[in-house]
Amino acid sequence: MTTKDAITIADLARHLGAEVEGDAARVVRAIQPLDQAGPDALSWLGSPEYLPRFEQTNAAAVLVPRDIDVPEGHTVIRVSDPDLALCEVLTLLGPAPPRVPLGVHSSAVVDPGAKVEGAAIGPNVTVCTGATIGPGTQVHAGVYVGAETRIGRDCVLWPGVVVRERATIGDRVIIHPNTTIGADGFGYLFRDGRHRKIPQVGRVIIEDDVEIGANSAVDRARSGETRIRRGTKIDNLVQIGHNCDIGEDCIIVGQCGIAGSVTLEHHVVLSGQVGVIDHLRIGAGVQVAARSLVTGNLRAGHVYRGTPAIDNNQYGRQQVGIRRLPKMIEQLRELRKRVEQLESAANDPERS
Amino acid sequence: MTTKDAITIADLARHLGAEVEGDAARVVRAIQPLDQAGPDALSWLGSPEYLPRFEQTNAAAVLVPRDIDVPEGHTVIRVSDPDLALCEVLTLLGPAPPRVPLGVHSSAVVDPGAKVEGAAIGPNVTVCTGATIGPGTQVHAGVYVGAETRIGRDCVLWPGVVVRERATIGDRVIIHPNTTIGADGFGYLFRDGRHRKIPQVGRVIIEDDVEIGANSAVDRARSGETRIRRGTKIDNLVQIGHNCDIGEDCIIVGQCGIAGSVTLEHHVVLSGQVGVIDHLRIGAGVQVAARSLVTGNLRAGHVYRGTPAIDNNQYGRQQVGIRRLPKMIEQLRELRKRVEQLESAANDPERS
Amino acid sequence: MTTKDAITIADLARHLGAEVEGDAARVVRAIQPLDQAGPDALSWLGSPEYLPRFEQTNAAAVLVPRDIDVPEGHTVIRVSDPDLALCEVLTLLGPAPPRVPLGVHSSAVVDPGAKVEGAAIGPNVTVCTGATIGPGTQVHAGVYVGAETRIGRDCVLWPGVVVRERATIGDRVIIHPNTTIGADGFGYLFRDGRHRKIPQVGRVIIEDDVEIGANSAVDRARSGETRIRRGTKIDNLVQIGHNCDIGEDCIIVGQCGIAGSVTLEHHVVLSGQVGVIDHLRIGAGVQVAARSLVTGNLRAGHVYRGTPAIDNNQYGRQQVGIRRLPKMIEQLRELRKRVEQLESAANDPERS
């Protein structure tokens, strides 16, 4: 199993604690969706709606829920949650991500006033004075950890990440390459025709189990804090402005931009390229569709869409209207003619 | 005052050259808006419209303009410009940003042909041949300064900044982490079904007092120059295309994208996620609302909004129309029925 | 010619294998468009539509197609393709981009298990175990090359680029500063109120002659591969999601975001700030206008625009409608009044 390149279905099922129906001796080398799977691939049936694809699949075996009837003729592995089982298989079959060796690489520059016991510090890393990095944390090549920044246990900072001074990062946080934590917020006073920089002396707090994608930026607070709460997942190229408070278990998809002092309650989902104007509050469980621009507070539990973002159903009706516009222009023109005819008939002395 | 953690109101006022009305002995540890301030916080009253919040605040003291009457019962510090005074207090109370020690860190690679006297060069920095870095400039860890690039005095280049060859950067310029200055412009010739790269041999000029946020990119010119003029402030994740000429004292908010050869005159404000098509000119003082797409030249002094960006008032009227569309469809349908009834009545021989 | 600062028109023409009409002794120091060119500049006439500018130009000489009649009085260099000739001149006159010296810089950290013969490895670079970098490839300062990543010949990786483990990069690929290749795709399972990370064990394949701009991100596949095919050019701040298959010779302009599992066929053009929803297919030769949001599959060879992206002509008609909306509201109101008058007249017993 060290190569992790191939595994029999029997071994796979044993690993998952699952039962096989069919040919358990076949070997699996890849994981593919039902419609793309070849005869050496494992696939999965996430929901009954994909049963037609299941019937057609060439997969060696399919992860299937325990309680679903499937047509005969395919090898299936019965599990309680195929999507979760798939994650286990990905971890099992996929090569493990690289790990930085424990200790400090000889090319890293770790200030004597920093504490990095139990952490793994890669090449060309810089750790400034007063910083603390917890045990089990992987700091990949070229990362910068600023003065007095505290990073918890079992985090992963991928290459090129910059975390500026006085940030606090919890446990099991993952930050992807070239992302910046704690750059100055964007704030100026306009005086005498010029922009004067407002000092940005606050900080960033990132709680446990947060993940932040590549090339994103989370700004430090002007004063006080910018906070990303436990379990929130942020994609690539996202901007989080100064003094934001991002709730627990949110999902923020690629290229979203959140201006300063915005509050997201928990379980908010912002799809890709959403923008949020400053100082707004987005209620718990709100979902905002891709490319929407949020210009007002949003009520918990609703779905919003559009620029400006409005209730999703209302947006749908507007879109129907916009698609009908060319026809409406014609209808209006035709109606005017008919009214003119009626008017001229009404004014015609012959007919009165 | 070295800890900068706490200060009495009396000391604060003395520092600002201001008068206290009320209890000058209380201690201030934080700076917070009126509605969030606790009893150890300083707050500020930027304009009379916030007087209701002033009445309710728990702040230890409030920075207040000299010429405004405020209700009694709060400790106030009278200043001519509370927002400016706030900046001074932020600098005073907030921890100072970290400084790279003067000189060249032992892990930095500075070409013998580069001049860095008086500058502070941090760990793992690379400075190429012929580069010049002025006195007082802070070059943080992992920065790259390309060949023959000239950087002025008292600049700050935060970690991970890349400035490619032959750029010119003025004095007091701040560039935030992981930002790229002088990458190739995006230009190709389409020949025989393939894209041939157009050489990008120009350069970037960034004038005094410019600030550029994190993870942004300013492309070098194809030939000639891309120029960012004095005092302009650019936020995170912004793209400035090749051969742009960005005027003085502009504000370009996060995730804006400006295509090649665009000219912004002075004091233009582009809100977040604005796009500008190539080869356009945006007049002095223009303001473009968030998420707008500029597809034509814009007249100085006006406000624009939308995709495509149009006059803000015109945009407002269109939005009224779009919101009314579902109702208009109904009205049109109803009107058609009424016209049909009129027509059938007019054609009814009984009625004529 | 080593300084490349100035060249006579005669020398220039000789270099291009072209004929001069006019004063071949003048010296050219710059390349500028017709309307900006001074008396020491070379300009070019790409198409006859610019003939009016040609007449007014002060350029020392103009590159002109062989088959076009131009007014007398200007020095011209006759070439078959002025745009292509211009590229040659840019290369000739412009300073050559800096090159990393062959070999491994003493500050670079190259794992003994990596192969970098014939490559140029700059300062503070990290190359991990099992990586291969081909001859002629330039790896600039601070780049990270992950374990078992294979990079071909004659590539350029500009400073701060991160290529994570197991990627494959072809020949003559250019990647601009601070770009991230192979970060984890964005995928979670929502279970018990929390987001569980789906392992991202796939990889990235970038084929020959691809160019990727600054501060962009191409995610690794969940399993299988994310692929960018031969000759495709990608601009700055672009996001390519996991498991995408980007066809040959595509153009993807700045700040585009492509969600997971999207297929672009060959010769697709996405203008700036376009978004593409996940699991879609965009047909060969499709052009999508700036700032559009693609929410469905697009048919080969067509032009699309808008949010959601629709056929460009249909979009144009909708925009006409939106611009007319304020007038339509008035027309509808007026028409209602007229219908009411007709109705009241029809019901008026005096008139019946």
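This is a predicted model: local features need pLDDT of at least 70, side-chain atom pairs count only at pLDDT 80 or more; totals for chains, interfaces and linings use all residues.
Colleague: What area is buried between chain A and chain C?

Modeller: The contact involves 62 residues of chain A and 64 residues of chain C. Carbon and sulfur atoms give 62% of the area buried between the two chains, and that area is about 5100 Å². On the side of chain A, the residues that lose the most area to chain C, together 12% of what that side buries, are A:Leu90, A:Arg291 and A:Leu332.

Colleague: Which element of chain A gives the most residues to the side that touches chain C?

Modeller: Between chain A and chain C the count is 24 residue pairs in polar contact, both residues being at pLDDT 80 or more. Helix 3 (82–93), strand 27 (233–234), strand 30 (251–252) and helix 4 (312–347) of chain A each supply at least two residues of the side in question. By class, that side of chain A has 34 nonpolar, 15 polar and 13 charged residues. The element that gives the most, with 17 residues, is helix 4.

Colleague: Is A:Gln255, which has a positive phi, buried or exposed?

Modeller: Most residues other than glycine have a negative phi. A:Gln255, although not a glycine, has a phi of about 65°, and its place is the loop between strand 30 and strand 31 (257–258) of chain A. Because its relative accessibility is 8%, under the 20% cut-off, A:Gln255 counts as buried.

Colleague: How does C:Arg172 count, as buried, partly exposed or exposed?

Modeller: C:Arg172 also has a positive phi, near 55°, and lies in the loop between strand 18 (168–169) and strand 19 (174–175) of chain C. Its relative accessibility is 42%, which lies between the cut-offs of 20% and 50%, so C:Arg172 counts as partly exposed.

Colleague: Which residue is joined to C:Pro308 by a cis peptide bond?

Modeller: C:Pro308 is placed in the loop between strand 38 (303–305) and strand 39 (310–311) of chain C. In chain B, a cis peptide bond with omega of about 0° joins B:Thr307 and B:Pro308. For C:Pro308, the cis bond has omega near 0° and comes from C:Thr307.

Conventions: Residues are numbered from 1 along each chain as its sequence is written. Chains are lettered from A and ligands numbered from 1 in the order in which they are written. Side-chain values use heavy atoms; hydrogens and water are left out. Contact means heavy atoms within 4.5 Å. Buried area is the accessible area (1.4 Å probe) that two parts lose on being put together, summed over both. A polar contact is a pair of N or O atoms within 3.5 Å; within protein, one must be able to donate a hydrogen and the other to accept it, and residues adjacent in sequence count only if both atoms are side-chain atoms. Helices (H or I, at least four residues) and strands (E, at least two) are DSSP runs, numbered from the N terminus. Ala, Val, Leu, Ile, Met, Phe, Trp, Tyr, Cys and Pro count as nonpolar, Asp, Glu, Lys and Arg as charged, and the others, Gly among them, as polar. Buried means under 20% relative accessible area, exposed over 50%, partly exposed in between (1.4 Å probe, protein chains only).
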